[in-house]
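Hi,

Here is the structure I promised to pass along.

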Amino acid sequence: MSKQDDIILLESFNRRNPKAFSIVYRMIYRELYLYATHIFNPLNLPAEDVIQDIFTDIWLRESVQFSSIPYIKTFCFIALKNAYKNKIKHLGYQQRFELESKIENEFSEDIEQVELFHSLYESLKFLPDDYATVIRMYLEGWKPEEIATQLGLALQTVYNKRREAILILRKHMVK
(Lines give C-alpha, C1' and ligand atoms only; values in the text may rest on other atoms or scores of the structure.)
Protein backbone atom coordinates (compact mmCIF):
# COMPACT_ATOMS: atom_id res chain seq x y z
CA MET A 1 0.00 0.00 0.00
CA SER A 2 1.26 3.49 -0.80
CA LYS A 3 1.46 6.25 1.77
CA GLN A 4 -1.44 8.01 0.06
CA ASP A 5 -3.52 4.81 0.26
CA ASP A 6 -2.68 4.53 3.95
CA ILE A 7 -3.81 8.12 4.55
CA ILE A 8 -7.10 7.54 2.72
CA LEU A 9 -7.65 4.26 4.59
CA LEU A 10 -6.91 5.92 7.94
CA GLU A 11 -9.30 8.82 7.24
CA SER A 12 -12.03 6.37 6.23
CA PHE A 13 -11.36 4.26 9.31
CA ASN A 14 -11.62 7.32 11.56
CA ARG A 15 -14.98 8.15 9.92
CA ARG A 16 -16.05 4.56 10.78
CA ASN A 17 -16.43 3.54 7.16
CA PRO A 18 -17.38 -0.19 7.21
CA LYS A 19 -15.14 -1.09 4.25
CA ALA A 20 -12.12 0.65 5.81
CA PHE A 21 -12.85 -1.07 9.13
CA SER A 22 -12.92 -4.41 7.36
CA ILE A 23 -9.61 -3.74 5.57
CA VAL A 24 -7.82 -2.69 8.77
CA TYR A 25 -9.35 -5.64 10.65
CA ARG A 26 -7.99 -8.06 8.05
CA MET A 27 -4.61 -6.30 8.00
CA ILE A 28 -3.93 -6.79 11.70
CA TYR A 29 -6.18 -9.73 12.61
CA ARG A 30 -3.56 -12.48 12.33
CA GLU A 31 -1.13 -10.73 14.69
CA LEU A 32 -3.90 -9.90 17.16
CA TYR A 33 -5.16 -13.48 16.97
CA LEU A 34 -1.72 -14.94 17.74
CA TYR A 35 -1.34 -12.71 20.78
CA ALA A 36 -4.93 -13.14 22.00
CA THR A 37 -4.73 -16.92 21.66
CA HIS A 38 -1.58 -16.91 23.75
CA ILE A 39 -2.90 -14.79 26.61
CA PHE A 40 -6.53 -15.93 26.71
CA ASN A 41 -5.79 -19.66 26.46
CA PRO A 42 -5.54 -20.12 30.27
CA LEU A 43 -8.97 -18.47 30.63
CA ASN A 44 -10.60 -20.66 27.95
CA LEU A 45 -11.87 -17.60 26.08
CA PRO A 46 -11.99 -17.62 22.27
CA ALA A 47 -9.50 -15.10 20.88
CA GLU A 48 -11.89 -14.28 18.02
CA ASP A 49 -14.55 -13.04 20.44
CA VAL A 50 -12.18 -10.76 22.32
CA ILE A 51 -10.82 -9.25 19.09
CA GLN A 52 -14.34 -8.64 17.79
CA ASP A 53 -15.24 -6.97 21.09
CA ILE A 54 -12.29 -4.60 20.74
CA PHE A 55 -13.23 -3.63 17.19
CA THR A 56 -16.86 -3.20 18.22
CA ASP A 57 -15.75 -0.90 21.02
CA ILE A 58 -13.65 1.16 18.59
CA TRP A 59 -16.61 1.35 16.19
CA LEU A 60 -18.94 2.60 18.92
CA ARG A 61 -16.47 5.17 20.30
CA GLU A 62 -16.49 7.58 17.37
CA SER A 63 -14.61 10.16 19.41
CA VAL A 64 -11.55 7.88 19.33
CA GLN A 65 -9.45 8.95 16.34
CA PHE A 66 -6.18 7.39 15.26
CA SER A 67 -3.10 9.10 13.85
CA SER A 68 -1.78 6.11 11.91
CA ILE A 69 -2.48 2.48 10.99
CA PRO A 70 0.36 1.23 13.24
CA TYR A 71 -1.22 3.17 16.11
CA ILE A 72 -4.49 1.26 15.55
CA LYS A 73 -2.54 -1.98 15.86
CA THR A 74 -0.79 -0.79 19.02
CA PHE A 75 -4.10 0.35 20.47
CA CYS A 76 -5.59 -3.10 19.81
CA PHE A 77 -2.68 -4.91 21.45
CA ILE A 78 -3.00 -2.77 24.55
CA ALA A 79 -6.78 -3.26 24.50
CA LEU A 80 -6.20 -7.05 24.41
CA LYS A 81 -3.91 -6.80 27.42
CA ASN A 82 -6.47 -4.65 29.27
CA ALA A 83 -9.31 -7.04 28.35
CA TYR A 84 -7.22 -9.86 29.80
CA LYS A 85 -6.68 -7.91 33.01
CA ASN A 86 -10.41 -7.20 33.26
CA LYS A 87 -11.24 -10.89 32.81
CA ILE A 88 -8.86 -12.01 35.53
CA LYS A 89 -10.28 -9.51 38.04
CA HIS A 90 -13.08 -12.01 38.53
CA LEU A 91 -10.73 -14.81 39.54
CA GLY A 92 -9.44 -15.70 42.98
CA TYR A 93 -6.68 -13.54 44.47
CA GLN A 94 -3.76 -15.95 44.06
CA GLN A 95 -4.73 -17.06 40.56
CA ARG A 96 -5.32 -13.43 39.59
CA PHE A 97 -1.90 -12.37 40.94
CA GLU A 98 -0.13 -15.14 39.02
CA LEU A 99 -1.91 -14.30 35.78
CA GLU A 100 -1.40 -10.53 36.16
CA SER A 101 2.31 -11.04 36.80
CA LYS A 102 2.58 -13.33 33.83
CA ILE A 103 0.94 -10.88 31.43
CA GLU A 104 3.04 -7.93 32.58
CA ASN A 105 6.29 -9.87 32.37
CA GLU A 106 5.58 -11.41 28.99
CA PHE A 107 3.93 -8.47 27.17
CA SER A 108 7.03 -7.17 25.38
CA GLU A 109 8.23 -10.69 24.61
CA ASP A 110 4.81 -11.52 23.18
CA ILE A 111 4.84 -8.42 20.98
CA GLU A 112 8.28 -9.39 19.69
CA GLN A 113 7.02 -12.89 18.94
CA VAL A 114 4.00 -11.52 17.10
CA GLU A 115 6.30 -9.28 15.04
CA LEU A 116 8.46 -12.31 14.27
CA PHE A 117 5.39 -14.26 13.12
CA HIS A 118 4.38 -11.27 11.00
CA SER A 119 7.84 -11.23 9.38
CA LEU A 120 7.62 -14.96 8.74
CA TYR A 121 4.19 -14.58 7.14
CA GLU A 122 5.55 -11.76 4.98
CA SER A 123 8.48 -13.98 3.93
CA LEU A 124 6.09 -16.66 2.67
CA LYS A 125 5.69 -14.67 -0.54
CA PHE A 126 9.21 -15.81 -1.51
CA LEU A 127 8.14 -19.45 -1.45
CA PRO A 128 6.28 -21.47 -4.06
CA ASP A 129 2.57 -21.58 -3.16
CA ASP A 130 2.57 -25.21 -2.00
CA TYR A 131 5.57 -24.63 0.28
CA ALA A 132 4.03 -21.42 1.65
CA THR A 133 0.80 -23.27 2.43
CA VAL A 134 2.64 -25.94 4.41
CA ILE A 135 4.67 -23.37 6.40
CA ARG A 136 1.58 -21.21 7.02
CA MET A 137 -0.24 -24.23 8.44
CA TYR A 138 2.75 -25.02 10.70
CA LEU A 139 2.74 -21.42 11.95
CA GLU A 140 -0.98 -21.71 12.67
CA GLY A 141 -0.33 -24.75 14.87
CA TRP A 142 -1.27 -27.63 12.57
CA LYS A 143 0.52 -30.93 13.13
CA PRO A 144 2.32 -32.56 10.17
CA GLU A 145 -0.26 -35.37 10.05
CA GLU A 146 -3.11 -32.84 9.94
CA ILE A 147 -1.40 -30.88 7.17
CA ALA A 148 -0.91 -34.04 5.13
CA THR A 149 -4.56 -35.01 5.54
CA GLN A 150 -5.89 -31.50 4.83
CA LEU A 151 -3.76 -31.06 1.70
CA GLY A 152 -4.02 -34.67 0.52
CA LEU A 153 -0.26 -35.18 0.68
CA ALA A 154 1.93 -37.95 1.97
CA LEU A 155 3.38 -37.20 5.40
CA GLN A 156 6.92 -37.39 4.01
CA THR A 157 5.97 -34.82 1.35
CA VAL A 158 4.91 -32.41 4.11
CA TYR A 159 8.27 -32.90 5.85
CA ASN A 160 10.14 -32.42 2.56
CA LYS A 161 8.24 -29.23 1.68
CA ARG A 162 8.87 -27.84 5.16
CA ARG A 163 12.58 -28.62 4.93
CA GLU A 164 12.89 -27.06 1.45
CA ALA A 165 10.88 -24.01 2.51
CA ILE A 166 13.18 -23.45 5.49
CA LEU A 167 16.22 -23.63 3.21
CA ILE A 168 14.68 -21.06 0.85
CA LEU A 169 13.72 -18.76 3.73
CA ARG A 170 17.20 -18.99 5.23
CA LYS A 171 18.72 -17.89 1.91
CA HIS A 172 16.22 -15.03 1.74
CA MET A 173 16.86 -13.90 5.32
CA VAL A 174 20.65 -13.91 4.87
CA LYS A 175 20.36 -11.35 2.06
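Before the notes, one definition: by contact I mean heavy atoms within 4.5 Å. Also keep in mind that this is a predicted model.

With that cut-off, C76 touches I28, L32, I54, F55 and I58, leaving aside residues up to four places away in sequence. C76 belongs to the largest nonpolar core, which has 32 residues. The residues with the most contacts inside that core are C76 itself along with F13, L32, F40, F55, I72 and L80. Five helices each put in at least two residues of this core: α1 (3-14), α2 (18-40), α3 (47-60), α4 (69-88) and α5 (93-123). Another core, of 10 residues, lies apart from it, and L124, A132, L139 and A165 are among its members. As background, nonpolar side chains tend to be buried together in soluble globular proteins.

Now the charged pairs. Side chains of opposite charge can pair when their charged atoms come close.

K161 and D130: the side chains meet in a salt bridge at 2.4 Å, N to O. K161 sits in helix α8 (residues 155-174) and D130 in helix α6 (residues 129-139), so this pair ties together parts that are 31 residues apart in sequence. Which of the two partners is buried, and which partly exposed? K161 is the buried one, because its relative accessible area is 14% and the limit for buried is under 20%. D130 has 35% relative accessibility and counts as partly exposed.

R61 and D57: here the closest N and O atoms of the salt bridge are 3.1 Å apart. R61 is partly exposed, with a relative accessible area of 38%, and D57 is partly exposed too, at 34%.

R163 and E164: these side chains form a salt bridge at 3.0 Å, N to O. R163 comes out as partly exposed with a relative accessible area of 44%, and E164 is also partly exposed, with 29%.

Cheers

Note on methods:
Residues numbered from 1 in each chain as written. Predicted model: local features only at pLDDT ≥ 70, side-chain atom pairs only at ≥ 80, totals over all residues. Heavy atoms only, no water. Salt bridge = Lys/Arg side-chain N within 4 Å of Asp/Glu carboxyl O. Buried < 20%, exposed > 50% of the residue type's maximum accessible area, 1.4 Å probe, protein only. Helix = DSSP H or I, 4+ residues; strand = E, 2+ residues; numbered from the N terminus. Core = buried A, V, L, I, M, F, W, Y, C linked by side-chain atoms within 4.5 Å.
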